[in-house]
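Me: I have a structure to go through. Can you take my questions as they come?

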Amino acid sequence: MLACGLATHFVHLNCFFFQRMSLLEESLKKVDTSDPFEVCGIIDQFSQQPSLKESSTLNRLEVINKCFSERTVEEIISALNRKLQVRLMDG
């Protein structure tokens with residue numbers, strides 16, 4: 001979910017998951033602001049970085065964001081092709 005941009009934080013599923021989610025929910029209910037930095041700070045207290053496989057798309061997020069920040073579909077495809085050519089040349 002993180003890799004495809006559908007999630008911003010990761011909370012590990014373990015025996016304490018439901019307890020941690022309840023604490024997170026209570027902490028968010030107490031917040032008296034809609035400031036995204038403050039809300040993210042609270043969520044960060046309960047989240048962690050997932051362990052990623054080397055081949056994970058999340059490890060290539062910078063390249064993906066750069067290519068897909070182009071203005072048109074044609075420019076996006078061109079940027080992806082350029083990245084592919086560089087990768088093929090690097091071996």
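Me: What share of the contacts between residues at least 6 apart in sequence join residues at least 24 apart?
Reply: In the protein, 37% of them do. Contact means heavy atoms within 4.5 Å.

Me: What kind of model is this, and how is it numbered?
Reply: It is a predicted model, where local features need pLDDT of at least 70, side-chain atom pairs count only at pLDDT 80 or more, and totals for chains, interfaces and linings use all residues. Residues are numbered from 1 along each chain as its sequence is written, and side-chain values use heavy atoms, with hydrogens and water left out.

Me: How many helices and strands?
Reply: 4 helices and 0 strands. Both are DSSP runs numbered from the N terminus: helices are H or I, at least four residues, and strands are E, at least two.

Me: How much is buried?
Reply: 16% of the 91 residues. Buried means under 20% relative accessible area with a 1.4 Å probe, protein chains only.

Me: Which residues form the largest nonpolar core?
Reply: Leu 24, Val 31, Ile 42, Ile 43 and Phe 46. Such a core is a set of buried Ala, Val, Leu, Ile, Met, Phe, Trp, Tyr and Cys residues joined through side-chain atoms within 4.5 Å.

Me: Which helix gives the largest share of this core?
Reply: Helix 2, residues 36–46, with 3 residues.

Methods: Buried means under 20% relative accessible area, exposed over 50%, partly exposed in between (1.4 Å probe, protein chains only).
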